[in-house]
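Me: I am new to this structure and would like to know what stands behind the terms used for it. Please show it first.

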Amino acid sequence: MREVDLLGALEEFVTGKTELSKDGLQDFAEVLLKEFKRKNRRLERILKQSDRQQIELDRYKTELEERVDEAVKEIKVLNNEIVETQKEILFTMGAIGETRSKETGNHVKRVAYYSYILAKKWGLSEESAKILRDASPMHDIGKVAIPDTILNKPGPLTANEFKIIQEHAEIGYDLLKHSKRPLLQTASIVAHEHHEKWDGSGYPRGLKGEEIHIYGRITAIADVFDALGSDRVYKQAWKLDRILTLFREDSGKHFDPELVDIFFDNLDEFLKIRSNFRDETNDSSY
Amino acid sequence: MDTLHIEATKFTPDILLDPEERLIRLVGKSYPENTFDFYAPVLEWLQNYFEIESSEDTTIELEILYFNSSSSKLFFDLFDIVEDAHNRGHKIEVKWIYDVENESAEEAGEDYKDDFEMLNFHLVEK
Ligand SMILES: [Fe+2]
Ligand SMILES: [Fe+2]
């Protein structure tokens with residue numbers, strides 16, 4: 001029986017509009033009882049429907065969360081893979097540039113960590129310092145375009161040969177500048193400006209002071225500190241004292257004086273890196 | 001009588017009330033913001049239909065994937081109208097259609113079938 005009809009009949013009875021005999025009353029009560037029981041059962045079933053939906057929703061939510069978790073995990077793994085691959089490629093490219101001039105793979109590693117320390121102490125963010133660390137091994141990538149005969153010439157270079165070697169800064173920059181990736185952008189700056197000098201006497205552009213990007217100023221110190229301490233075709237490794245004297249003298253000339261101060265303040269850390277990444281064939285650094 | 005067609009939304013089913021085909025069909029989800037207002041024209045249409053139309057065979061198909069508890073109550077009201085018509089001699093077949101995987105839709109269908117034991121009520125697995 002429809003709810004409205006039942007309620008209508010009940011209301012008529014209650015308000016006295018219909019009068020019922022004893023039998024009629026009995027029948028009516030039976031109908032009411034039956035309907036009451038039915039409605040009661042329906043109420044339970046409506047609540048059960050609500051419960052089912054709740055469970056369904058919860059199951060759905062849990063499933064979704066699990067799937068999101070898995071996806072995030074996978075993305076992290078993939079991202080890590082990409083980052084590591086990127087680093088390896090940069091490192092390999094940097095090493096190519098270095099081996100062209102008979103330097104060791106450890107040179108680029110040391111330059112990377114020296115640059116990182118200088119960047120952090122100078123006040124660059126952790127993120128930028130890490131990017132510089134990973135990009136600085138590329139500073140000499142432009143040497144891939146310089147002939148072996150010049151790069152590995154044991155004797156003194158002619159003025160023209162020296163000019164050709166200097167081109168590696170511009171060449172490295174041209175190789176890397178087209179990328180929009182922060183890492184390669186940084187690498188292009190480093191390649192371009194690691195031979196600029198604070199007093200404007202460097203190359204390729206003769207930039208001065210803070211015209212030189214902080215990445216260039218940092219890598220200049222890191223590169224020279226390491227190069228002087230290592231054997232090269234054209235020279236023996238310098239003793240530490242001699243290197244430090246040069247840094248003191250060249251502060252404000254070749255190098256950013258603020259960075260030289262930071263270098264001396266943290267000399268311990270630089271020396272630790274130097275001994276951790278010592279070249280196997282070269283023990284004459286000290 | 002005019003056909004009444006209400007298109008599905010994100011929260012409401014597609015509703016087709018077709019007097020020519022003698023077909024009443026609801027397909028989709030049912031979480032209207034206000035269930036009783038939403039379904040009022042449907043119930044009204046049904047009532048008129050069973051009053052005006054002859055008592056030839058009518059088919060009612062409900063394929064409701066998910067629905068809230070006020071929709072649950074509303075379907076009881078809807079089947080009350082159908083049961084009423086059935087009692088007055090209308091020949092009506094009700095099909096409650098559900099997906100094999102949708103257990104809760106199946107259970108809900110069983111509850112309706114049980115409540116309306118007088119009706120020609122079929123659970124149809126898809
Ligand atoms: Fe260089
Ligand atoms: Fe270098």
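Reply: This is a predicted model. Between chain B and chain A there are 12 residue pairs in polar contact, both residues of each pair being at pLDDT 80 or more. On the side of chain B that touches chain A, the elements giving two or more residues are strand 4 (58–67), helix 2 (69–87) and helix 3 (103–115) of chain B.

Me: Which element of chain B gives the largest share of that side?

Reply: Helix 2 of chain B does, with nine residues. By kind, the residues on this side of chain B are seven nonpolar, five polar and nine charged.

Me: Why is the pair B:Asp114 and A:Arg45 called a salt bridge?

Reply: The term asks for a side-chain nitrogen of Lys or Arg within 4 Å of a carboxyl oxygen of Asp or Glu. The closest N and O atoms of B:Asp114 and A:Arg45 are 2.4 Å apart, so the pair meets that cut-off. The count of salt bridges between chain B and chain A is nine.

Me: What makes the two chains count as touching, and how many residues are in contact?

Reply: Contact requires heavy atoms within 4.5 Å. By that test, 21 residues of chain B are in contact with 16 residues of chain A.

Me: How much area do chain B and chain A bury between them?

Reply: About 1,700 Å², with 39% of it on carbon and sulfur atoms. On the chain B side, B:Asp80, B:Asp111 and B:Asp115 lose the most area to chain A, together 28% of what that side buries.

Me: Why is helix 4 of chain A said to be largely enclosed?

Reply: A residue is buried when its relative accessible area is under 20%. Seven of the 10 residues of helix 4 (residues 126–135) of chain A are buried, so this helix is largely enclosed by the rest of the structure. The buried ones are A:Ser128, A:Ala129, A:Ile131, A:Leu132, A:Arg133, A:Asp134 and A:Ala135.

Me: What share of chain A as a whole counts as buried?

Reply: Of its 286 residues, 41% do. The accessible surface of chain A is about 16,700 Å², and 55% of that belongs to carbon and sulfur atoms.

Me: How many helices and strands does chain A have?

Reply: Chain A has 11 helices and zero strands. Read from the N terminus, its elements run α-α-α-α-α-α-α-α-α-α-α.

Me: What share of the contacts in chain A between residues at least 6 apart in sequence joins residues at least 24 apart?

Reply: In chain A, that share is 62%.

Notes. Residues are numbered from 1 along each chain as its sequence is written. Chains are lettered from A and ligands numbered from 1 in the order in which they are written. This is a predicted model: local features need pLDDT of at least 70, side-chain atom pairs count only at pLDDT 80 or more; totals for chains, interfaces and linings use all residues. Side-chain values use heavy atoms; hydrogens and water are left out. Buried area is the accessible area (1.4 Å probe) that two parts lose on being put together, summed over both. A polar contact is a pair of N or O atoms within 3.5 Å; within protein, one must be able to donate a hydrogen and the other to accept it, and residues adjacent in sequence count only if both atoms are side-chain atoms. Helices (H or I, at least four residues) and strands (E, at least two) are DSSP runs, numbered from the N terminus. Ala, Val, Leu, Ile, Met, Phe, Trp, Tyr, Cys and Pro count as nonpolar, Asp, Glu, Lys and Arg as charged, and the others, Gly among them, as polar. Buried means under 20% relative accessible area, exposed over 50%, partly exposed in between (1.4 Å probe, protein chains only). Accessible areas come from the Shrake-Rupley method with a 1.4 Å probe; for residues, only the protein chains shown count as cover.
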